[in-house]
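Let's take a friendly walk through a protein model, with an eye on its sheet and its charged side chains. Have the viewer open as you read.

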Amino acid sequence: MSPRRANAALADSAPLFAALGDATRLHVVARLARGGPMSITELTEGSDVTRQAVTKHLNVLAEAGLVVDFRRGRERVWELRKRRLEEAGRVLDQISQRWDDALERLRKMLEE
């Protein structure tokens, strides 16, 4: 991947990582990843977080492309977009590779 394209991928991923930077949102993503699509009621079960707060967090996750919602009867159900998480994984792999490359260059330079 060219440096320009890699930088564009990083910029596109910034909202995703910002959304995942909140502990409550990360918990919601983890619950959806484990349990599949859930309503807000299901997402708040056993939690101290209010339905209103979870709704706000879900909207942030939706803006970042991490979740989508659909209607099931009278309920609004939220589903994780795993493809978006996979994109984040690829970006992190690219960052990791850049670090590995930089450390290898440093190692070679020190050995000279």
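This is a predicted model: local features need pLDDT of at least 70, side-chain atom pairs count only at pLDDT 80 or more; totals for chains, interfaces and linings use all residues.

Let's begin with the strands. Three of them, in the order E1-E3-E2, make up an open sheet with antiparallel pairing. Strand E1 (38–39) and strand E2 (67–72) are at the edges; each has a single partner strand, so one side of each lacks a neighbour in the sheet.

E2 pairs with strand E3 (residues 75–80) in the antiparallel sense, over 6 bridges.

## Salt bridges

How many salt bridges does the structure hold? There are 5. One of them joins Arg76 and Asp69, whose closest N and O atoms are 2.7 Å apart. Both partners are partly exposed: Arg76 has a relative accessible area of 30%, and Asp69 is at 36% relative accessibility.

Helix H5 (residues 82–111) is the next place to look. Arg84 and Glu87 are 3 residues apart in this helix, which puts about one helical turn between them. They form a salt bridge, with 2.9 Å between the closest N and O atoms. Here Arg84 is buried, at 14% relative accessibility, while Glu87 is partly exposed, at 28%.

Further along helix H5, Glu111 and Arg107 are 4 residues apart and again separated by about one helical turn. Their salt bridge has its closest N and O atoms 2.6 Å apart. Glu111 is exposed, with a relative accessible area of 57%, and Arg107 is partly exposed at 36%. This pair also belongs to a network of salt bridges that links Glu104, Arg107 and Glu111.

## A buried arginine without a partner

Now turn to helix H2 (residues 23–35), where you will find Arg31. Is Arg31 buried or exposed, and which side chain of opposite charge is nearest? Arg31 is buried, and the nearest such side chain is that of Glu45, 5.3 Å away. A salt bridge needs the nitrogen and the carboxyl oxygen to be within 4 Å, and Arg31 has none.

What does Arg31 contact, leaving aside neighbours within four places in sequence? Its contacts are Gly36, Met38, Glu42, Leu43, Thr44 and Glu45.

How values were computed: Residues are numbered from 1 along each chain as its sequence is written. Side-chain values use heavy atoms; hydrogens and water are left out. Two strands pair if DSSP finds at least two bridges between them. Helices (H or I, at least four residues) and strands (E, at least two) are DSSP runs, numbered from the N terminus. Buried means under 20% relative accessible area, exposed over 50%, partly exposed in between (1.4 Å probe, protein chains only). Lys and Arg count as positive and Asp and Glu as negative; His and the chain ends are not counted. Contact means heavy atoms within 4.5 Å.
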